[in-house]
Amino acid sequence: MRPRSAGDTSASASAARNRSIERREKLIDSAVVLILLVSMGFPGRYTRLLGGSSSTLLEYGTFGLQLVLMLFSSGRDGVMSIKLLDLKQRYTAVYYMAVVFFADSMFVTRYPSEQIITCVRFTVTILFALWMADRYDGEDILRLICTAQMVFVVLTLLYCVLFPGTIFSKEQGEHDFIGFLRTKNNEAAELSVGILFQIARFKLQRARREIPQRWELMLFVVQGMMLFLCNAKGALFCVAIPAAYLLFVEGRNDPEWRLPLGLVYVVGSVGFLIAALTILPLMEPLLSAIGKDATLTGRTPLWRQIILVMTNSHTFTGYGFGMFWRDRQAVALLHTAFRSNSFMGTMTTGAHNVLLEYWLNVGLFGLASYFIALLASFRQMRKLERQNYIFCAAYMLWFMVMGWTERSMSTYEYQMVFLFLAMGVGSNKPRPVSRRRARLEKEAT
């Protein structure tokens with residue numbers, strides 16, 4: 001038997017090290033998929049099987065998992081190289097927004113204990129999203145999201161088998177699919193963004209002349225069927241606009257035609273709100289004649305009342321992040337514009353508009369910091385690698401359209417995770433490959 005040479009020993013050690021790195025990366029990816037799955041709404045109504053406390057356990061369990069991932073995956077040379085807080089200069093505008101939200105909320109809140117928990121949770125969500133943006137490129141992020149989405153769809157199908165009598169809403173006159181989530185709007189929004197990200201991934205695969213895997217095609221079809229059953233026209237609209245842009249406008253070799261996403265979002269969001277409050281009322285006779293509601297199902301009266309309330313009090317500071325709808329005195333100010341026995345006179349579910357929701361909670365100071373962070377993050381779209389731009393464009397267009405008539409003011413749900421993921425990826429100029437891929441290539445050589 002030939003004795004092993006120093007070269008053989010070195011090659012064997014290198015191969016073992018590469019296998020160890022690959023196992024570590026797969027473990028980290030699996031943890032990220034679990035975090036994304038919980039942000040998508042799991043366990044939802046699976047609490048019937050897992051117990052009422054399972055939702056809280058998973059929420060705070062993934063919160064701890066985010067901290068562990070950010071802490072230990074930063075170490076490259078052992079425990080002593082671990083960074084508790086790894087700040088990057090390119091994310092300065094996002095950090096500034098987080099500081100404004102935190103400081104403003106703690107200054108004005110009437111619920112300090114709940115407020116600090118909410119702010120810490122939200123801040124960790126921001127840092128985790130930026131950690132992901134620093135670690136993965138746009139295509140890797142799409143892969144992880146689609147993997148989590150596949151698990152979400154499988155769990156939905158399993159729930160349909162286990163509880164077939166509960167998968168459609170039971171409200172009078174409605175028979176809409178809700179899966180294991182609480183409402184059809186939640187289910188439809190989640191499915192729509194999942195379908196959109198699959199379209200974005202298919203586009204990148206087509207550019208490389210790759211054929212999508214069978215599970216990806218099946219996932220796309222099943223999600224489309226579920227979204228149709230939700231009977232949510234708004235969700236279809238949310239996916240239609242960004243999908244049309246990706247499929248028919250976004251050019252493979254022409255970055256000059258890329259959208260300035262931050263400016264598009266700000267102008268589109270503000271412009272829609274102005275148009276809804278000024279132009280739609282003038283079109284009421286025409287809309288009524290064709291059976292359409294000029295108030296957008298009661299939203300425009302609510303928006304006018306919110307503007308009136310906020311211009312009279314807490315204009316610049318809001319009521320604290322996530323705290324407006326907990327403040328009975330504040331909510332009562334909105335209810336005064338509606339009959340006490342009406343739905344709007346008792347409604348406490350949100351502003352149904354992202355910008356107004358931010359205004360209620362963090363005031364004009366917080367809203368201004370949000371706009372600054374968006375404009376700074378997406379100021380150089382032409383320099384982004386294509387996979388990064390496609391991810392950012394897909395989500396920001398979806399989030400803009402969704403935010404016209406719905407709200408998003410959560411601490412850990414997917415809308416916020418994807419928002420700050422997009423802002424982080426948009427700040428990475430240029431990023432040809434993810435840090436994960438670069439590290440594996442370096443170790444392999």
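Predicted model: local features only at pLDDT ≥ 70, side-chain atom pairs only at ≥ 80, totals over all residues.
Q: Which residue caps the N-terminal end of helix 6?
A: Asp137 does, with a side-chain oxygen 3.2 Å from the backbone nitrogen of Glu139.

Q: How many salt bridges does a search of the whole structure find?
A: The search finds 16. The criterion is a side-chain nitrogen of Lys or Arg within 4 Å of a carboxyl oxygen of Asp or Glu. One of the pairs is Arg143 with Asp140, whose closest N and O atoms are 3.4 Å apart. Both residues lie in helix 6, 3 residues apart, about one turn of the helix.

Q: Are Arg143 and Asp140 buried or partly exposed?
A: Buried means under 20% relative accessible area. Asp140, at 2%, is therefore buried, whereas Arg143 counts as partly exposed because its relative accessibility is 23%.

Q: Which parts does the salt bridge between Lys88 and Asp134 tie together?
A: The closest N and O atoms of Lys88 and Asp134 are 3.5 Å apart. Lys88 lies in the loop between helix 3 (54-72) and helix 4 (92-108), and Asp134 in helix 5 (residues 112-135), so the bridge links parts 46 residues apart in sequence. Lys88 and Asp134 are both buried.

Q: What does Asp176 form a salt bridge with, and which residues are joined into one network by shared partners?
A: Asp176 pairs with Lys184, the closest N and O atoms being 3.4 Å apart. Salt bridges with shared partners join Arg24, Glu25 and Arg135 into one network.

Q: What does the side chain of Arg299 make a polar contact with?
A: A polar contact is a pair of N or O atoms within 3.5 Å. The side chain of Arg299 makes such a contact with the side chain of Glu406, at 2.9 Å. Leaving aside residues up to four places away in sequence, Arg299 touches His352, Thr405 and Glu406. Arg299 is found in helix 12 (residues 299-312) and is buried, with a relative accessible area of 14%.

Q: Which residues make the nonpolar surface patch?
A: Leu49, Leu50, Leu158 and Leu162 make the patch, of about 360 Å². Helix 2 (47-50) and helix 6 (138-162) each supply at least two of its residues. Patch residues need over 30% relative accessible area; Leu162, in helix 6, has 40% and is partly exposed.

Terms used. Residues numbered from 1 in each chain as written. Heavy atoms only, no water. Patch = residues over 30% accessible without salt bridge, like charges linked within 9 Å, V, L, I, M, F, W, Y side chains within 5 Å. Areas by Shrake-Rupley, 256 points an atom, 1.4 Å probe, with all protein chains shown as cover. Helix = DSSP H or I, 4+ residues; strand = E, 2+ residues; numbered from the N terminus. Buried < 20%, exposed > 50% of the residue type's maximum accessible area, 1.4 Å probe, protein only. Polar contact = N/O pair within 3.5 Å; in protein donor to acceptor, adjacent residues only side chain to side chain. Contact = heavy atoms within 4.5 Å.
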